Amino acid sequence: MKSIISFVIRYIPRSFLQRVSPLFLKAVALANKGDKVICTVCEKGFKKFLPYGRKARENALCPNCLALERHRLMWLYLQQKTNFFTAPLRVLHVAPEACFIDRFEKLPNIDYITGDIESPLAKVKMDIHQIPFEDASFDVVFCNHVMEHVDNDIAACKEINRVLKPKGWGIIQSPVYNIPTTFEDPSITAPAEREKAFGQRDHVRKYGDDYAIRLSKSGLMVSEDRFVQELPKEVVEKHALPITEIIYFCTKGSTTA
């Protein structure tokens, strides 16, 4: 199972997987019902979550809603540390995750807009380097696992900063490795070489411990929230949360950076 999942993730286009995988996984979910683990996003219980990733992680993917460890953590974070589910908010979700889209769209307090340059799940086709909305258009911006793909991450973050309202906030997640500083080399263009250097064929950099400082160069004010480490051990285990994941919480800063 692990080797099949690893192959599919590496070589099957993401846009295709986004369309067909929910149908297959619904059947898996029915066969895997239980109460050992519970997904925070869809609240369904299972014997265990499915393995997922290029080097398949055990107990990672919810077969019902497709939430991964980071998505289950983010849902809890939004519930416990933000006004996302209660305040009237205009939200831009860049490269929206399947597990969130329907649920966010149904929230009565949210004016929810999705955007991406290629995802079939997004309503607005857009390049994050040139977000097609006016200044100060959104209360909240989500942008998860995007910055490691884009040509100019600082320019992209400047755009997020631009479209945030004065009291706006956002969450910008990316894979962050245990290295002191971010590594990038624009001369590395071959997919196999990018995978070797950056961890994935369509990544253009590998973020290090300077991730928050780097994004802050855009004008955004980026803080590191180790929310998961505040949670009881039994909660972390029950929802299979990523114990080392940092939430990168952003607020609008200077637009002249």
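In which loop is threonine 86 found? Threonine 86 sits in the loop between H3 and S5.

This is a predicted model, in which local features need pLDDT of at least 70, side-chain atom pairs count only at pLDDT 80 or more, and totals for chains, interfaces and linings use all residues. Residues are numbered from 1 along each chain as its sequence is written, and side-chain values use heavy atoms, with hydrogens and water left out.

**View 1. The whole protein.** The protein has 8 helices and 13 strands (DSSP runs numbered from the N terminus: helices are H or I, at least four residues; strands are E, at least two). Of its 257 residues, 51% count as buried (under 20% relative accessible area; exposed is over 50%, partly exposed in between, with a 1.4 Å probe and protein chains only).

View 2. Threonine 86 counts as exposed because its relative accessibility is 64%. Its C-alpha atom is separated by 8.9 Å from that of proline 108, 22 residues apart along the chain.

**View 3. The largest nonpolar core.** This core has 38 residues (a nonpolar core is a set of buried Ala, Val, Leu, Ile, Met, Phe, Trp, Tyr and Cys residues joined through side-chain atoms within 4.5 Å). Phe84, Phe104, Phe142 and Ile171 touch the most other members. Elements giving two or more residues to this core include helix H3 (69–81) and strand S9 (164–173). The largest share, 6 residues, comes from H3.

**View 4. Around phenylalanine 142.** Leaving aside neighbours within four places in sequence, phenylalanine 142 is in contact (heavy atoms within 4.5 Å) with residues including Met74, Leu78, Phe84, Trp169 and Ile171.
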